[in-house]
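Dear colleague,

Please find the structure below, handed over for your use. My notes on what was found in it follow directly after.

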There are 2 protein chains.
Amino acid sequence: MNKKIKPQTLKGFRDFLPDEMRIRNFVLGVCKEVFESFGFEPLETPSLEYASTLLGKYGEEADRLVYTFKDRGDREVGLIYDLTVPVSRVLATYRDEISLPFKRYQIQRVWRAEKPQKGRFREFVQCDFDIFGVASPLADAEIIAVIYQVLKKLGFDDFKIRINSRPLLFSILEEVGITEKNQQLEVLRIVDKLDKLPEEKLIEDLQKKNLSYSTCDRLLNMIKQTVPDENTERILSYLQAMGLEEKYYCFDPTLVRGLDYYTGPIFEAVVGDSKNSVAGGGRYDNLIKQMGGPNVPATGCSLGLDRICEILSERGSANKLNQAETQVLVTIFDESLVDESLKLTTMLQSMDVFTEIYLDPSAKLDKQLKYADRKGIPYVVILGPDEIKSNKVTIKDLRTGEQEMVGRKDLVNFQFSNPNFQ
Amino acid sequence: MNKKIKPQTLKGFRDFLPDEMRIRNFVLGVCKEVFESFGFEPLETPSLEYASTLLGKYGEEADRLVYTFKDRGDREVGLIYDLTVPVSRVLATYRDEISLPFKRYQIQRVWRAEKPQKGRFREFVQCDFDIFGVASPLADAEIIAVIYQVLKKLGFDDFKIRINSRPLLFSILEEVGITEKNQQLEVLRIVDKLDKLPEEKLIEDLQKKNLSYSTCDRLLNMIKQTVPDENTERILSYLQAMGLEEKYYCFDPTLVRGLDYYTGPIFEAVVGDSKNSVAGGGRYDNLIKQMGGPNVPATGCSLGLDRICEILSERGSANKLNQAETQVLVTIFDESLVDESLKLTTMLQSMDVFTEIYLDPSAKLDKQLKYADRKGIPYVVILGPDEIKSNKVTIKDLRTGEQEMVGRKDLVNFQFSNPNFQ
């Protein structure tokens, strides 16, 4: 008896079969295209680094999530946890090769030993783009413009980029008397839920941080009524000059963002009514130095590849994408006619029609048609003895079931409509 | 005193700065385009698998090269060593989702704890494409055709794909009396060096395997004089029907290839006079089952990304590639004219001219020009008070140093020649 155990994948790790891969490749293709059109340059770094490079950068909680181990040479190593530590190392290592301003994008797998749960994985692709060496809010505006163009090019017409300022938030905290750094961060983490939780719940949570009811109430009201500070005003005016449609972005004084290291503007993008952001970032002028890099101002953004793919799938926009590129399958009648089918395939390919030949000459026509159907190939070409004799081919449209005989010479004029661009 | 230690990368691991990344992206872009034009579908799998999935598949020597460790849940895990074990697991796991024939490509990082040496790394990108479920030599011919098209599209005109047959080699070994399986493999590993070492050296090495001088001599002569067997003839005739130019491929009875698991046709591609192959593969009908997958025939190929990039760099073909895509840098005169420069940038971008704006309004023009020069951006647009007054812009060609004033309205007709397509 066959007692073979089925091989398993690790929890929190995923296989991406072709249908899913095509959506991912489409999204990453759009990202790269937009990044490069703005002059961002590609960068990649190792997946493994010395553990000492990775640990002690984001605090104890994050350290526990880093996959560390001893390699075969007894070195303490770790799988990268994000792309910020690696780029900080790169900025430190290649001071001569990299001149500032440096605009880079980096798309790589990272690993975190988190508790696996819905939408959270132990291995995922991080998609970052950042500008190093520019303190001007023009750089922040450009980051926002890139998010805007990526979401537009992905076909979303209901996204919103919320923009706020960390200094503005801190000034409000100080105004209501919250001046201690740790208390400020704790309060911000609660305020961050302003769009997710009812206000009473928030005030309740805030009171637990040793704040009076009236302070809490005043704080929330002030935050909601805040107007943009000068720096934010400049960003908004730059966005206008860049021609971004105003319905897609707004100043939102309630935006906080979770990470503590932001020092200036912060931003986040959502699509539709979802609370989960598809992009988030901001300015982090002190972080690169803390991470082991040089003292350079920095601003940037992380795109949520998984979240974007999920929305595309939910909306069915992915249906157009998750089928093979192939437009035509050339079938094989039998072993004696392989060469004829091959020549026809080559001819169609030379006409820039994406054409595949079925690879098993012994397979029945029915099986060949099923293959085309499964792969979403719209046209099948049949080339049997009758067709050879009359110097024609039979073209079958699998979507309609219709078929017609076409002269070989007329093939150049046949319109193989691409299903992806109908 | 600052006693900060410069962070190091691990030996055998690499950073890819933008210039190198552009070459890599170009090569991978060509690969994907060709793979998909032949109907190969993308697949990705986890970087970490249970150690039990990875070990015991390629023998003890390979097992020692797998990065294994205990994860935080005390599971024995490992970084993938190749893409064949993962695809075997995928074929076993998704029997219902994946119907045969299955043509997939997979481009992922893999890890091997090898002794680092020139051209050998502990982390590298494996670029595989394979056909599962087809026993016909038509599938082998298609794999060869894909290699051919990739190398053509990369711009190589001096490549050669060598084709041979493992069964043919074994039949010769049996004919000279070498019938024991292990001895056969040992002999083949020596014969593999026929194109690299002098014949006397080979005979010397062969004699150490308990063979007489006359057997060795007869073996080498037979190999060199062998003609294609029936299966190889069919592959060659398919290639002809596909329209592959004959100067780019040949039957080569001296080709052995290192890996022991091949069961049918084998092939290898070299560029120029180099002995190092840029692509290698063959048929391996029993391997997927051995690796834990179903019992399916398989044929495929691995492309040598690093080797291909190296040749492109050596030949200077990479010069065209390793510069930014940006065609125009719009400079900023001062803070008061940022909006003017932004609007101009947006206008050029809407004309599909890849345009960047310099992001620091306080930087001197000289610094802005240096940035364009370093990035290989050919044109710089200057927009100062004089230009604003006359409703013109100054366009400077950094390659020639020439500059001219152009009316804003005439910009649409200005030919920004793309340096990458000159």
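**Helix α5 of chain A**

Just after α5(A) comes A:Gly155, whose phi is positive at about 95°.

**Confidence and overall arrangement**

Please bear in mind that this is a predicted model. Its scores are ipTM 0.93 and pTM 0.93. For chain A, the average pLDDT is 91, and 96% of the residues score at least 70.

Chain A is divided into two parts: domain 1 covers 18-319 and domain 2 covers 328-421. Between the C-alpha centres of domain 1 and domain 2 of chain A there is a separation of 49 Å.

**Where the two chains meet**

In the contact between the chains, 73 residues of chain B meet 73 residues of chain A. On the side of chain B that touches chain A, 35 residues are nonpolar, 17 are polar and 21 are charged.

**Strand pairing in chain B**

Strand β5 of chain B (residues 102-111) pairs with strand β1 of chain B (residues 41-42) through two bridges, and these strands run parallel. Within this pairing, B:Glu41 has B:Arg104 of β5(B) as its bridge partner. With strand β6 of chain B (residues 123-132), β5(B) forms ten bridges in the antiparallel sense. There, B:Gln108 stands opposite B:Gln126 of β6(B).

**Backbone points to inspect**

Most residues other than glycine have a negative phi, and most peptide bonds are trans.

- The peptide bond between A:Leu100 and A:Pro101 is cis, with omega near -5°. A:Pro101 belongs to the loop between α4 (84-93) and β5 (102-111) of chain A.
- In chain B, a cis peptide bond joins B:Leu100 to B:Pro101, with omega about -5°. B:Pro101 is found in the loop between α4 (84-93) and β5 of chain B.
- B:Asp74 is not a glycine, yet its phi is positive, at about 65°. This residue sits in the loop between β3 (68-70) and β4 (76-79) of chain B. B:Asp74 has 6 C-beta neighbours inside 10 Å and therefore counts as exposed.
- B:Asn391, also not a glycine, has a positive phi of about 55°. Its place is the loop between α15 (385-390) and β15 (392-397) of chain B. B:Asn391 is exposed because 9 other C-beta atoms lie within 10 Å, and a residue with 12 or fewer counts as exposed.

**A buried isoleucine in chain A**

A:Ile223 is part of helix α9 of chain A, residues 213-225. Is A:Ile223 buried or exposed? A:Ile223 is buried, because 20 other C-beta atoms lie within 10 Å and the cut-off for burial is 20 or more. Leaving aside residues up to four places away in sequence, A:Ile223 touches A:Ile172, A:Val191, A:Pro253 and A:Thr254. By contrast, 31 Å separates the C-alpha atoms of A:Ile223 and A:Glu60, which are 163 residues apart along the chain.

Yours sincerely

Methods
Residues are numbered from 1 along each chain as its sequence is written. Chains are lettered from A and ligands numbered from 1 in the order in which they are written. This is a predicted model: local features need pLDDT of at least 70, side-chain atom pairs count only at pLDDT 80 or more; totals for chains, interfaces and linings use all residues. Two residues are in contact if their C-beta atoms, placed from the backbone, lie within 7 Å. Ala, Val, Leu, Ile, Met, Phe, Trp, Tyr, Cys and Pro count as nonpolar, Asp, Glu, Lys and Arg as charged, and the others, Gly among them, as polar. Helices (H or I, at least four residues) and strands (E, at least two) are DSSP runs, numbered from the N terminus. Domain bounds come from an automatic or database domain assignment. pLDDT is the predictor's confidence in each residue, from 0 to 100. Two strands pair if DSSP finds at least two bridges between them.
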